[in-house]
Each structure stands twice: as C-alpha cells, then as structure tokens.
Amino acid sequence: MNDIPAPDDDQLHEPRDELADTADAEAEGLQLARASDVLPTLIPLLPVASRPFFPGQAVPLLMDAGHWRSTLMEVSETQHKILGVVLTRSDSSEDSSTDDFHPVGTACRVHRVAEDEGKLQVLVECLQRFRIDRFVNRKAPFSARVEYMPEPKPVPEDEVKAYAMAVINTIKELLPLNPLYVEELKMFLDRFGPDDPSHLADFAASLTTSTKEQLQEVLEVVPLMKRMEKVLVLLNNELELARAQQKIRATVEERMQKQQREFFLKEQLKVIQKELGIAKDDRTAELDKFRERVEKLTLTQEAQKRVDEELEKMSILETGSPEYAVTRNYLDWITLLPWGIHSKDKLDLKRARRVLDRDHYGLNDVKERILEFLAVGIHKGEIAGSIILLVGPPGVGKTSIGRSIADTLGRHFYRFSVGGIRDEAEIKGHRRTYIGAMPGKFIQAVKDAGTENPVILLDEIDKIGASYHGDPASALLEVLDPEQNREFLDHYLDLRFDLSKVLFVCTANQTDTIPGPLLDRMEVIQLSGYIADEKLAIAKKYLLPRQIERAGLDKDAVKVDTKTLRALIEGYARDAGVRRLEKQLGKIVRKAAVRLLEGEETPVTVSEAQLKDYLGSPVFRDERKLSGPGVVTGLAWTAMGGATLSIEAVRTHEYNRGFKLTGQLGDVMKESAEIAYGYIVSHAVQFGANPDFFEKGFIHLHVPAGATPKDGPSAGITMASALLSLARNKPVRRIAMTGELTLTGEVFPIGGVREKLIAARRAGIKEILLPADNEGEFDEVPEHVKKGLTVHFVNRFEDVAALLFAKPK
C-alpha cells in the first residue's frame with residue numbers, strides 16, 4: 001500500500017492555480033479564520049453511485065485508481081484538501097457524466113489516501129452542503145464552482161425540540177434491534193451533542209437503509225423543520241423493517257433451537273436405551289429385520305444357504321462401506337420375494353363367464369377359448385405352466401382381457417410392456433457387480449404381486465427388439481417355457497426361482513415378427529375385431545357413459561341416438577377396435593360440455609346431421625361402386641378390419657401384345673396377377689372368350705386406390721375374373737370374391753374370412769365367393785354376421801366362371 005505524495009507547485013494544473021488563488025483571496029477577507037478552514041468556491045468533484053454523504057460524517061471510500069487518481073492528486077496539491085462528493089443517477093460512478101450529477105452535494109476534506117492493488121482507499125470528513133453553480137471541467141477530473149449552503153443555527157423552539165426528541169427516541173428503539181447502530185451513535189456523540197438538531201437529523205438519515213433518492217432528498221433540504229420531518233419518516237420505516245427482521249430471525253432461531261433440542265434428546269435417548277439393552281444399533285436392527293422376514297418364508301435349500309452367508313457377511317461389515325450397502329440391498333430383495341406364498345385360485349366357471357361378460361361385449365369365440373382353458377385348469381385343480389397369446393388389431397381389448405382373466409381367478413395382476421426392449425438384462429437382471437444393479441422385470445413383477453402365482457401380462461411382445469446388448473426374445477424362451485421356468489435364474493439374485501405357477505398372458509398385433517421358437521411355446525387366441533353392431537352396443541353400454549363420467553357431467557347430459565352412433569362408426573371409426581370410436585365420443589362430449597357452459601339446455605342432443613359440426617368431415621367414405629366389363633369386386637383384409645376392392649382391367653391398344661400392372665402392388669400380388677393373366681389366356685376358349693383378344697391387345701390391370709400399398713395372394717380369382725369379363729365384354733353380376741388362384745386353376749384358401757364378410761356386408765353386397773377350403777372358418781363366423789349373405793364355395797376357377805354372369809339355378 002503506497003501513499004500518494006503531494007506534487008510540487010510547478011506540477012499544478014491550470015484549474016488548480018485558479019482554485020488556490022480563490023482560496024487565498026477569501027482568506028484575506030476573513031480576519032480570524034485559518035486558511036485551512038476556508039471552503040473554496042472552485043472544487044474538484046467526485047461522483048458516487050451508492051448513497052449521498054451528510055455533513056458531520058467521517059466516511060471511508062474505496063474507488064478505482066485508474067479513474068480517480070488524477071482527481072485525488074489535484075486535491076492533495078491544495079492546502080485545504082477539499083473535495084466535493086456528488087451523488088450520480090447512474091449505476092456506476094466510472095460511467096457517469098455531469099448530466100447525471102444531482103445539484104446538491106457535500107464538501108469533504110480528504111485526510112488520507114492510500115493505493116493497494118489498483119484500488120484507492122480514501123478517508124474523508126464531510127463538512128458542508130453545497131449547490132453546483134456551474135461546471136468548470138465537464139470531463140474527469142470534474143470540477144465546478146459551487147455555492148455553499150450554511151447549516152441553520154440551532155433555535156430553541158419547542159417544535160424543533162419535540163422533533164429532535166422524537167428522532168432520539170426512534171434511534172433508541174432501533175439500538176436493541178441492530179447492534180451496529182450503537183457504534184455509529186458513539187462516533188456521533190464523540191463529535192456532536194444531542195442538542196445539535198441539524199447534525200442529529202443528518203446522522204439519523206445516514207443510519208437508515210433508505211434508497212439513495214430518498215437520502216438525496218434529505219440532503220437537498222436545508223430548513224431544519226422540513227428536514228426533520230423527512231428524516232422521521234425514514235426512521236420510522238427503518239424501525240418497522242428492523243422489527244420485521246427481528247421477528248423473522250426470532251422465528252428461525254426458535255425453530256433451529258427446537259430441532260437442535262430434539263436432536264440432542266434423541267441422541268441421549270439412543271445412548272440410554274443402548275446402555276439399558278433396550279435399543280440396537282442400525283446394523284443389528286437390519287439383521288433382525290431380515291431374519292424376521294425369512295422366518296415367514298419357505299425358502300429353498302439353496303436360497304436359505306445364501307441368505308445365511310449374506311447375513312454373516314453383513315454382521316462383520318462396517319455400515320459405511322460400499323459392500324455393506326450392496327449386501328443390504330441384496331438381502332432386501334431376497335427377503336421381499338414371496339417364497340412359497342400363493343394366492344388361492346377361484347375355480348368357478350360360472351363366475352368366470354360372468355366376469356368376462358361384464359367386462360367385454362361380443363368376442364364370444366375368444367371368451368369360449370378362455371373358458372375352455374380355465375375348464376382344463378379346474379379339472380386339474382390348478383392353472384399353471386400356461387402361456388396365452390392374444391393376437392389382434394389395436395383397440396380390440398387384448399390388455400383388458402388379460403386383466404379380466406386375473407379377476408376371474410382372483411390373482412394379482414402385473415402388466416409391463418416389452419415393446420422396444422433391447423437389453424436382455426431387462427428380462428434376466430443385472431449382475432450384482434454393477435452399480436445400480438437390479439433384478440429383471442419378472443422378479444420385480446413377482447415381488448410387487450406378493451405371490452408366486454400372479455397373472456403377468458407381457459404387452460406388445462411382437463415389438464420386442466434386439467441390439468448389441470443381447471437378444472431379449474431369446475431370454476424370454478426360458479421364462480415362457482413351462483419345463484424351464486420352474487428353475488428360472490435371475491442374474492442379480494443368482495438363485496433359482498420358480499415361475500411355473502405364473503400365468504403368462506402376452507399380447508401382439510401380429511405373429512409374423514415373433515420368433516418361431518417363442519411362438520411355439522404359446523397358446524394363440526385370435527381377436528379379429530368388432531363388427532358395426534358390436535361397436536354400436538359397446539358405444540352405448542361402455543364408451544359413451546365412460547366419457548360423460550370423465551367429463552364430470554350428469555349421465556343424461558349428452559344424448560346420442562342409435563342412428564347417429566351408427567353414422568359415427570361408419571364415417572369416423574371403421575377400424576377393427578374401439579379406440580378411435582372412444583376418442584370421437586370423447587370429442588363430442590367435450591364440445592357438448594362447452595355448449596352447456598354457454599347456456600344450452602340439458603340434455604345436449606347430437607343428431608346425425610350435427611356430426612360434421614362436432615367432428616369435421618368423415619374420415620371414411622363408402623367404397624365407390626364401379627361396374628362394367630373388366631370390373632370385379634374383391635375382398636381384402638386390412639388392419640382396419642377388412643375392405644372391398646374393385647379391380648379394373650382394360651385393353652388400352654392393339655399395337656402389340658402386353659400386360660401392365662398398376663396400383664402399388666407387392667411382389668406376391670404381382671405374381672398372382674401374372675398367374676391370372678396366364679391362366680385366362682391359356683383357357684380363353686374354354687371360358688367363351690376370343691383368343692385373339694389377348695394375342696393382339698395390350699392389357700392394363702389396375703387396383704385402386706393407387707396410394708395404398710397392397711399385397712397378398714387372395715386377389716387371384718378376382719383378377720382372373722376381371723380379365724375374363726374384359727375378354728367377353730360382359731359385366732359380372734353384383735358379387736364379391738376372394739381366393740388364391742394356381743396355374744392349374746385350383747382355388748386355394750385365404751385368411752381373414754370374418755373381416756372380409758363384414759366388409760362385403762358394409763358395401764351392401766349379399767353374394768360372395770369363398771374357397772371351399774375356408775368352409776370351416778365360415779362356420780365359425782357368428783350367425784349375425786352371416787345372416788342375409790349367400791356364400792358359394794369354389795374349388796376351381798371353372799366354379800367361379802360359372803357364377804360370374806348368371807345366377808345358379
């Protein structure tokens with residue numbers, strides 16, 4: 001720390017010469033004053049940004065040496081060492097200009113200046129107020145001519161005394177609340193007395209934490225009464241703030257003391273209980289807890305030996321060691337598993353039928369399969385070692401059927417999705433050596449269920465993945481094999497656990513992506529979806545009341561009649577499941593809730609004509625009825641449940657022979673078209689067509705709609721019929737068909753019979769051709785679907801051709 005030396009006279013700046021001359025001239029006019037007591041009218045200015053200084057204070061300043069060294073050098077060159085401190089409106093004194101200066105400041109005498117690490121430490125004594133008359137230098141170092149504002153002499157007025165006493169009393173109240181005020185009051189009393197109201201007012205203002213603007217207002221007021229009024233207001237605000245702080249501090253201290261007291265008492269209680277043998281330490285308590293759990297379980301011999309070893313290890317480990325935490329977690333998992341704990345099955349077939357009918361409408365074939373499965377279990381006395389796979393489109397109720405099976409048996413139900421799982425550790429657990437290791441999903445499921453025989457639902461098993469972490473589908477082979485899962489080995493437990501009592505229910509949208517060995521272990525039950533009448537009943541009985549309840553409305557607040565629901569199903573929710581139907585009903589209910597709040601009368605009735613206002617334009621439209629020679633209606637299976645497909649064939653020109661396919665067809669469907677073309681060309685005479693028609697013509701076969709990908713062999717007889725109709729230039733009757741055609745004219749079976757019949761019924765087609773080999777599947781279709789349909793079963797294409805143009809006799 002280096003003191004700044006006083007410069008020689010020849011180093012003074014020009015403003016400083018004028019300042020010194022002015023001081024000398026004023027000193028000559030005063031007879032009894034010392035030169036050092038005379039305040040010059042031209043003084044350097046130092047801006048401060050924090051708060052103004054009041055006369056009578058001794059204030060330390062800390063400022064940047066680079067900015068203000070020149071200003072303090074000029075002050076140190078004078079005899080009087082006077083510096084004008086002015087509050088600036090800017091946030092930083094270094095960035096301020098003369099436009100930011102307040103007009104009133106305080107003249108201060110500089111007593112000491114020291115520099116340390118680029119900072120100036122200055123001690124100033126505040127002497128008197130001044131008002132800036134004009135600026136002499138508007139750039140740093142600032143200087144100005146000022147006019148001093150003498151302090152008013154004390155007048156023994158009662159009102160002044162009253163204000164002074166009020167100020168003193170308020171300060172007395174502040175002293176107990178903030179000990180720092182005591183030291184400042186001692187410094188004030190060392191220099192002034194309590195009977196000096198002017199300095200008392202300035203001192204009281206400097207005590208407060210008021211804003212710099214409020215303090216500047218006090219500085220600019222010279223009349224004593226007005227100044228004391230302002231100061232008293234600031235003091236009272238400070239007193240209220242100090243009281244609030246004291247209250248908060250007392251509350252916090254009381255809370256802390258209470259917590260500390262409770263902590264000390266608890267620690268003392270622990271020591272006393274330990275001395276008396278009443279309490280145990282944490283490790284002993286944990287060991288006793290694990291032993292108590294083990295007594296309630298029926299552990300295998302292997303598991304019991306492992307638990308004993310781990311308990312012995314835990315008893316000698318330090319509680320703070322990492323190995324202690326690993327051992328404790330391991331024992332926690334082992335002792336929480338339901339070794340030997342089973343729930344009793346409710347083997348009542350009538351109750352099972354009642355529960356399935358309560359939770360699901362329709363799906364009679366699926367219910368019968370489930371009841372057959374349960375009946376076998378009832379005869380055996382237990383239902384174990386079985387894996388059911390429910391396959392069907394989204395939204396047909398696969399997951400809810402799994403829950404109903406659990407309710408039927410009275411077992412605990414646990415569901416988790418295996419879709420997207422790419423790590424076999426999710427199935428078989430992580431080894432204990434890894435940080436954060438856990439058992440696999442199946443051990444977690446059994447633990448959460450609390451019994452060894454829960455119903456575990458594996459959702460989306462057709463979407464299970466594989467990666468460099470392993471193949472989860474292969475890991476499932478052990479879990480879903482009744483011969484292997486009785487000794488399932490989880491990597492974390494490293495113990496054999498019996499999963500043979502678990503009833504596994506899996507769900508999938510398709511079986512193509514399920515590995516063959518895994519699919520071979522499952523009992524597959526197909527859910528083909530709902531027809532329109534079933535959807536209508538489900539919407540009335542389940543979906544609409546559920547959406548009204550979720551919206552918080554009265555059950556009769558929204559009315560949707562049967563005709564409107566049927567139009568909703570046909571135009572907006574034609575998928576195989578009911579998920580989209582429920583979403584559309586939810587949208588209707590929400591819009592109805594808005595109308596009720598806008599004042600519409602209850603109930604809000606939704607008609608068929610209003611569906612467009614509620615849901616927009618229909619998503620699905622009726623298939624266009626194409627007709628004429630070369631146009632035949634086929635039946636196709638889709639994820640939405642089935643559709644009609646009009647296949648068109650035309651002869652475009654006679655320049656050359658050829659055959660063209662369009663409609664975004666897959667490889668299998670293209671091969672079917674080639675087979676149909678070859679068969680009809682080679683048998684044209686047999687079916688009454690002119691062979692020259694194909695010999696000299698270019699044939700174009702198209703399958704609408706062109707933007708939709710199509711594939712499969714079931715359109716074989718349909719494409720062959722379209723080519724035959726074109727060759728004979730004769731339209732076919734209103735009939736729909738499906739079947740695979742071979743080169744020799746045989747008609748092979750196809751899939752999706754129920755969905756295709758539903759599609760034909762929806763299109764208004766009453767006569768259908770099916771392969772003879774599908775007669776068994778047709779017999780299993782519910783009667784209400786077959787009602788009103790005329791179905792012809794064909795073995796060869798000759799049977800098809802006989803039915804195309806004339807009704808059978």
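Is Glu608 buried, partly exposed or exposed, and what is the relative accessibility? At 36% relative accessibility, Glu608 counts as partly exposed, where buried means under 20% relative accessible area, exposed over 50% and partly exposed in between (1.4 Å probe, protein chains only). The structure described here is a predicted model, in which local features need pLDDT of at least 70 and side-chain atom pairs count only at pLDDT 80 or more, while totals for chains, interfaces and linings use all residues. Residues are numbered from 1 along each chain as its sequence is written, and side-chain values use heavy atoms, with hydrogens and water left out.

Side chains of opposite charge can pair when their charged atoms come close. A salt bridge is counted when a side-chain nitrogen of Lys or Arg is within 4 Å of a carboxyl oxygen of Asp or Glu. Across the whole structure, the search finds 33 salt bridges. Glu608 takes part in one of them, with Lys563 as its partner and 3.8 Å between the closest N and O atoms. This pair links distant parts of the chain, since Glu608 is in the loop between β16 (604-606) and α21 (611-615) and Lys563 is in helix α19 (residues 562-572), 45 residues apart. Helices (H or I, at least four residues) and strands (E, at least two) are DSSP runs, numbered from the N terminus. Lys563 counts as exposed because its relative accessibility is 60%.

Another salt bridge joins Asp459 to Arg415, with the closest N and O atoms 2.8 Å apart. Here too the pair links distant parts of the chain: Asp459 belongs to strand β10 (residues 455-459) and Arg415 to strand β9 (residues 413-417), 44 residues apart. Asp459 has 5% relative accessibility and so counts as buried, whereas Arg415, at 39%, counts as partly exposed.

In the salt bridge between Glu767 and Arg733, the closest N and O atoms are 2.7 Å apart. Glu767 lies in strand β24 (residues 767-771) and Arg733 in the loop between α24 (716-728) and β21 (736-737), so that distant parts of the chain, 34 residues apart, are linked. Glu767 is buried, with a relative accessible area of 11%, and Arg733 counts as buried at 15% relative accessibility. Salt bridges also link Glu310, Lys313, Glu323 and Arg432 in a network.

Strand β17 (residues 631-636) comes next. Six of its six residues are buried, so the strand is largely enclosed by the rest of the structure. In a regular strand the side chains alternate between the two faces of the sheet. In β17, Val631, Thr633 and Leu635 point one way, while Val632, Gly634 and Ala636 point the other way. Two strands pair if DSSP finds at least two bridges between them. β17 and strand β18 (residues 643-653) run antiparallel and are joined by six bridges, with Ala643 of β18 as the bridge partner of Ala636. β17 and β21 run parallel and are joined by two bridges; Gly634 stands opposite Met737 in β21.

Rings of Phe, Tyr and Trp (its six-membered ring) pair if their centres lie within 6.5 Å, and planes under 30 degrees apart count as stacked, over 60 as edge-to-face and the rest as tilted. The structure holds 17 aromatic pairs. One of them is the edge-to-face pair of Tyr677 and Phe694, at 6.1 Å centre to centre and with 85 degrees between the planes. Tyr677 is in helix α22 (residues 667-682) and Phe694 in helix α23 (residues 691-695), 17 residues apart, and both Tyr677 and Phe694 are buried. Tyr679 and Phe797 also form an edge-to-face pair, with 5.7 Å centre to centre and 80 degrees between the planes. Tyr679 lies in helix α22 and Phe797 in helix α28 (residues 797-804), so the pair ties together parts that are 118 residues apart in sequence. Tyr679 counts as buried at 1% relative accessibility, and Phe797 counts as buried at 0%. Ring pairs also link Trp68, Phe101, Phe135 and Phe142 into a cluster.

The charged end of Lys447 sits over the ring of Trp333, 4.6 Å from its centre. Lys786 lies over the face of Phe778, at 5.0 Å from the ring centre.

Terms used: Lys NZ or Arg CZ within 6 Å of the ring centre and 35° of its normal.
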